[in-house]
Amino acid sequence: MDPQAAQRVGPNGPLLLQDFHLIDLLAHFDRERIPERVVHAKGAGAYGQFEVTDDISDITTIDMLKGIGKKTNMFARFSTVGGEKGSPDSARDPRGFALKFYTNEGNWDWVFNNTPIFFLRDPAKFPIFIHTQKRNPQTNLKDATMFWDYLSTHQESVHQLMHLFSDRGTPYSYRNMNGYSGHTYKWIKPDGTFNYVQIHCKTDQGSKTFTNEEATKLASENPDWHTQDLFDAIERGENPSWTCYVQTLSPEQAEIFRWNIFDLTKVWPQSEVPLRRFGKFTLNRNPQNYFAEVEQAAFSPSHMVPGVEPSADPVLQSRLFSYPDTHRHRLGGNYEQVPINCPITSFSPFHRDGYMNVHGNYGANPNYPSTFRPLQYKPVKASQEHEKWVGSLIAEQFPVTDEDYVQANGLWQVLGRQPGQQENFVKNVSVHLCNAHERVRKASYGMFHRVNPDLGTRIEQATEANVRDMLSARL
Ligand code: NDP
């Protein structure tokens, strides 16, 4: 039968219910969309390979990192954070930097961002903060007053704000940005000793950014620029790569470190905690099908391998739950069976049944720890000597203190070492902040003033000049 025809009674008659082809086609079409990610909705992905470049066996026995030259297949997905699936790639926004390594011991996901820190350290603030960066519930418009009202009243965000409004907030392409774990993790050795670590992936293409004007122009001319750039580069054989480094602190060093290593709004200064190179990854193959391989890719910081553990960073702890929960909502309880998410080696026979169980459901294997077919586990000794938590139940936010402005000022100084970057920063803030309510603008000037008095003054002057221009243009 013609797939574009419909069964009907005569040339102009009504349709027949027996026309399963038409009904099935329509019913499937009605179900083509799965829930959009609430954050990181717009993204692009590619396959690649990770290679160990340096021996770090003194600090880890993670199988994937063992032996110079060892290679592991992987998949990467880069994304903007706040915009919807159709939003422009060049928007001022942090970028997601998610990597999935198909290791011999299961999947290891690095769910990173292109900034080394984030806006908050209290996980309950995440949904609230994201609401303010999205659309006004009444107008359905992006709302500068909401945006700055939240940020100027939650000033632990200011360090990340400095990153966002520097030119790195508008990267030239996904190929030209770094990725950072941001969170502290633990790398544990078989004897139970461990280091706290943070990972940095530095682009080998060099860090390259758009100015605010270029990014704004591109948003209308080619809103899919980053997606296209990544795909086209790999098709041309210009395979992008990143070099991977680790910062380590022993538990003893962490005890006396100036910064709280579980505070996601702070970096570990590189002068004090040097970067140590250990690997490199290269993206070399485009997906064949966007929905199957990119839209359904499900990353989670809780996807770890033996030798890796989460730290007590509260935002990381909450992400351990929230990411798989998102995947269960978007893809179903068996999301790990989708080929892009499927480990090359996995045996979890206690995960049984459920919707879309398509891999044989472990056949006749027992669904409990049966004494008739005992399972073997890799011995991983979890020594928690440094993390014996004792205390009373409390429910408090972390307070904002003078310390929260120090690293933000550090970045202001970094920008000062690069021609034009401080000027661009002031401009980038002022063209956005001028759209906010006067009271919110003033609170924001106060915030930047606490980072650096000169910065506060310059932002106030530039922003109020923009406000005056807008008002006179309306007359
Ligand atoms: P360093 O002088 O040792 O390092 C500064 C780092 O800043 C550089 O290594 C580079 O990181 C990054 N950087 C350079 N230019 C820019 C820019 N235009 N926008 C954003 N970041 C830039 O100083 P510290 O380690 O003491 O950090 C000072 C400030 O630098 C921090 O407050 C933080 O905001 C920022 N920074 C720090 C990082 C860290 O992990 N310590 C990482 C990134 C930024 P990279 O080489 O990774 O590009």
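Contacts between residues 24 or more positions apart make up 72% of the chain's contacts with a separation of 6 or more, a contact being heavy atoms within 4.5 Å. This is a predicted model, where local features need pLDDT of at least 70, side-chain atom pairs count only at pLDDT 80 or more, and totals for chains, interfaces and linings use all residues. Numbering runs from 1 along each chain as its sequence is written, and side-chain values use heavy atoms, with hydrogens and water left out.

**Overall build**
- You get 13 helices and ten strands in the chain, taken as DSSP runs numbered from the N terminus (helices H or I, at least four residues; strands E, at least two).
- The radius of gyration, over C-alpha atoms, is 25 Å, close to the 23 Å from the globule rule for 475 residues, so the chain is as compact as a globular protein of that length; the rule is 2.2 Å times the number of residues to the power 0.38.
- Along the principal axes, the C-alpha atoms fill a box of roughly 75 × 70 × 50 Å.

- The chain exposes about 23900 Å², and carbon and sulfur atoms supply 54% of that.

**Around Phe-347**
- Phe-347 sits in the loop between α9 (314–331) and α10 (406–416).
- Phe-347 counts as partly exposed because its relative accessibility is 44%.

**Annotated region**
- UniProt (unreviewed entry) puts "domain: Catalase core" at residues 1–376; such annotations may be inferred rather than shown by experiment.
- Residues 1–376 are 23% helix and 20% strand, with the end C-alpha atoms 55 Å apart.

Key: Buried < 20%, exposed > 50% of the residue type's maximum accessible area, 1.4 Å probe, protein only. Areas by Shrake-Rupley, 256 points an atom, 1.4 Å probe, with all protein chains shown as cover.
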